Amino acid sequence: MKDSNKLIAEFMGYETYDMNGCLNVEYSDDNIRTIQDTHYHTSWDWLRPVVEEIHTHGCEVVISSNGVTTIYAPSGEVLAEESSEEENHMHDATYKAVVTYIKEHFNKI
């Protein structure tokens, strides 16, 4: 979770840095959080802007109620597809698909 949230924060353009052994994310001059205080993995309020950012790259994010999230390239190619059987399966699958997309495809589009 820690590494994935760091990856997402950096994808969103936020600076991350280590200070005294603690990983920090600088959202603005007056909003600096430790990586443990980020909630991409638990909150739609945190994850929704990430999905919107992926849309700005021309990709489509399809979140299914059955716990499957698929991210398509502008060409229609499947870039990431993840599923979850967790209680909050739509969010969990979307979080995992976003992380997969960033890790595997972000720099390639």
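Helix H3 lies across S4, S5 and S6, running at about 145 degrees to S6. Helices (H or I, at least four residues) and strands (E, at least two) are DSSP runs, numbered from the N terminus. The model is predicted, with local features needing pLDDT of at least 70 and side-chain atom pairs pLDDT 80 or more, while totals for chains, interfaces and linings use all residues. Residues are numbered from 1 along each chain, and side-chain values use heavy atoms, without hydrogens and water.

H2 also lies across strands, namely S4 and S5. Angles run from 0 to 180 degrees between N-to-C directions of axes, which are lines fitted to C-alpha atoms, for helices over the stretch in contact (heavy atoms within 4.5 Å).

| Helix | Strand | Angle |
|---|---|---|
| H2 | S4 | about 140 degrees |
| H3 | S6 | about 145 degrees |

The strands form an open antiparallel sheet in the order S4-S5-S6. Strands S4 (60-63) and S6 are at the edges with a single partner strand each, so one side of each has no neighbour in the sheet. Two strands pair if DSSP finds at least two bridges between them; S5 (residues 68-72) and S6 are joined by five. Thr70 is opposite Glu81 in S6.

The largest nonpolar core has 25 residues, and Tyr40 is among those with the most contacts inside it. Such a core consists of buried (under 20% relative accessible area, 1.4 Å probe, protein chains only) Ala, Val, Leu, Ile, Met, Phe, Trp, Tyr and Cys residues joined through side-chain atoms within 4.5 Å. H3 supplies the largest share of this core, six residues.

Conventions
Buried means under 20% relative accessible area, exposed over 50%, partly exposed in between (1.4 Å probe, protein chains only).
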